[in-house]
Amino acid sequence: MLRIYVHPLPVRIWHWTNAFGFIALILTGIQIRYVDLIGLMSFKAAVSVHNAVGWLLIGNFFLWLGFYLFTDKIRVYHPELSPLKHFRDSFRQAQYYGYGIFKGDPNPHHLSAYHKFNALQSMTYQVIMQLLVPLQFVTGVLLWDLKRFAGAVEFFGGVRVVDTVHVLLFIFFTAFIFIHPYLASLGHTPSAHFKAMISGYEEVEEAPGGAPFRDAG
Amino acid sequence: MSVAPASGALSDGDNACLGCHGQEGLSKTFGKGEALPLRVDAAAFEGSVHAPLGCTACHSDVDLKAHPGAGKAFDSVRAYAVAKATVCQQCHEDAFKQHEGSVHARRMREGSALAPTCTGCHGAHGVTPKTAYQTCVGCHSAALAAHQKWLPNAALHHEAVSCAACHAPAALRMVDLRLHDPATKTWAVEKPGKPWFEKLARSVDADGNGLDARELRDLLKRINPEGTAAPKTFRGRIELRTNVEAHRLSDKAGAIRACDGCHRDGAEPFRNVTVSVTGPDGRPLRHAAQQEILSSASAVASLPEFYAIGGTRNTLLDVLFVLALLAGVGFPLGHLAVRWLLRKYRA
């Protein structure tokens, strides 16, 4: 196994802040929406924590954005420009998760510093980080002070439209927060990717001949 | 001194009173030297809800043979206003009883000179159906700033929740969906002599059991024919089911502060729903609606501008949330289970 530096410190800070922040937002969001069913804390406390964590994660998002915009690490988010290759790689990856993994096939994705996402992750994270997360933040800020942003709320079609989008994304992220760590446990050991997101170093298999698999991206 | 012109909308008797009481400068001096202006704004009285009753309905104690005379002596304008509240009580007995249990009445009994009498909130001769908010902030001008210290979205709460909905804690509340005109950015008002809303609402609500989600959509389509540039929408407010109960106001220690009194599924205010339009005299013209219209999936289109966390929770989104939870937990567990069952093939 070779150790390669894949997750720089700003990314790791962003990731864990985002992870625990999203868990806090989901829990307080559930408390706010289902106050008649759940009693983790008072409604008002849940709203206060939800607002504070929301602002923290908006700031955290700009840490992520600034890091990738001003370093060459943005290459990990470069899309695959060949649709055929992207489709083929996505199919192979889905086939691995849905079939190959059960009979011990090797992961078709070979990780490197500039190619850390497999084809499915690449597409998913493009959508999540450039569309869904910003949309969740925008709708959250509008709901935070509806009077101040009354014009924007009206532009988007009214408070119920804004809230419905916010809740739909909350539902998506709730499912994501369970599935993401499970997929992260599918490394060469169950804890390998978790340790890597703490140390920054991923362990990768050597290619035949002793060299690591080369970056395909 | 000029004599006020007679109003065509008032009776001859009322115009006779206004012949003198419409004049500037007329006043009465009380024992402590305070002067009470006796001028009545004829236009304000004509526009008041009491105009059809005439002057004598409230001033039956005036003996025209001895008028103007010394009348009953009062020490101050305040003492006069307190005494005249019994006149209001003659017709508004229910409201008066409620008021007796209010913080305003208690302060008055304690001798506060600031506690309002009936006319303190409603005015004397220009009584109109003002909103509670306008009335309350007339004295409690710092109310918004005080609420902003602890209440999230305080300005929105002040706009969408009547003061009495929280400050009359024993009162029953409701959601009133009032028709709003985006072109004028005010409540849509039914023009005098051209009633349409109640008739239209009754025709849409053919079964007479209150508007359901489909009937609300039909009503909106009828109000906003295809091609309407700025469609009118219903905006919700939390109000009291009967304004009589708005008189039993508590002090702030007794007011409702618990958010989940409203922000929960099935909360009391959301069990009673009406749709309304502002009538020509400012009072709402209401038609009953079913509470399901607040939480139906179609409310995104029919009630885009009214949403209260918990109270208007959409059932379809609740189902999606449960499915997402099941998928989020079920996919990893299912995948893990299959991996475990097939572990010997991997070896």
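In the predicted model, B:Lys185 is found in the loop that lies between strand S3 (173-181) and strand S4 (186-187) of chain B. Although B:Lys185 is not a glycine, its phi is positive, at about 55 degrees. Most residues other than glycine have a negative phi. B:Lys185 has 8 C-beta neighbours inside 10 Å and therefore counts as exposed, since the cut-off for that class is 12 or fewer. A positive phi in a residue that is not a glycine is also found at B:Asn153, where the value is about 50 degrees. B:Asn153 is placed in the loop between helix H8 (143-148) and helix H9 (154-160) of chain B. For B:Asn153 the count of C-beta neighbours inside 10 Å is 19, so this residue is classed as partly exposed, because a residue is taken as buried if 20 or more such neighbours are present.

Chain B is divided into domain 1 (12-128), domain 2 (152-313) and domain 3 (316-346). The centres of domain 2 of chain B and domain 3 of chain B, taken over C-alpha atoms, are separated by 43 Å.

Two packed helices are described by the angle between their axes and the distance between the axes. In chain B, helix H11 (residues 197-204) and helix H12 (residues 213-223) pack with their axes 9 Å apart and at an angle of about 140 degrees. H11(B) and H12(B) are therefore oblique to each other, because an angle has to be over 145 degrees to count as roughly antiparallel. The crossing in which H11(B) passes H12(B) is right-handed. To this contact H11(B) contributes B:Leu200, B:Ala201 and B:Val204, while H12(B) contributes B:Glu215, B:Asp218, B:Leu219 and B:Arg222. By class, the residues of the contact of H11(B) with H12(B) comprise four nonpolar and three charged, with no polar residues.

The secondary structure of chain A consists of seven helices and two strands, and the order of its elements from the N terminus is β-α-α-α-α-α-α-α-β. Along its principal axes, the C-alpha trace of chain A spans about 65 × 35 × 30 Å. Chain A has 217 residues, of which 23% count as buried. Among the contacts in chain A with a separation of 6 or more, 68% are accounted for by residues 24 or more positions apart.

A helix pair is also described for chain A, in which the axes of H1(A) and H2(A) come within 9 Å and cross at roughly 155 degrees. H1(A) passes H2(A) in a left-handed crossing, and the contact of H1(A) with H2(A) holds 16 nonpolar and nine polar residues, with no charged residues.

The contact between the two chains takes 30 residues from chain A and 35 residues from chain B. On the side of chain A that touches chain B, the elements giving two or more residues are helix H1 (9-33), helix H2 (43-69) and helix H6 (159-184) of chain A. The most is given by H6(A), with 14 residues. By class, this side of chain A has 17 nonpolar, five polar and eight charged residues.

Definitions and conventions: Residues numbered from 1 in each chain as written. Chains lettered and ligands numbered in written order. Predicted model: local features only at pLDDT ≥ 70, side-chain atom pairs only at ≥ 80, totals over all residues. Contact = placed C-beta atoms within 7 Å. Helix = DSSP H or I, 4+ residues; strand = E, 2+ residues; numbered from the N terminus. Nonpolar A, V, L, I, M, F, W, Y, C, P; charged D, E, K, R; others polar. Domains from an automatic or database assignment. Axes fitted to C-alpha atoms, helices over the stretch in contact; angles between N-to-C directions. Parallel < 35°, antiparallel > 145°, perpendicular 65-115°, else oblique. Left-handed = near helix turned anticlockwise from the far one by under 90°.
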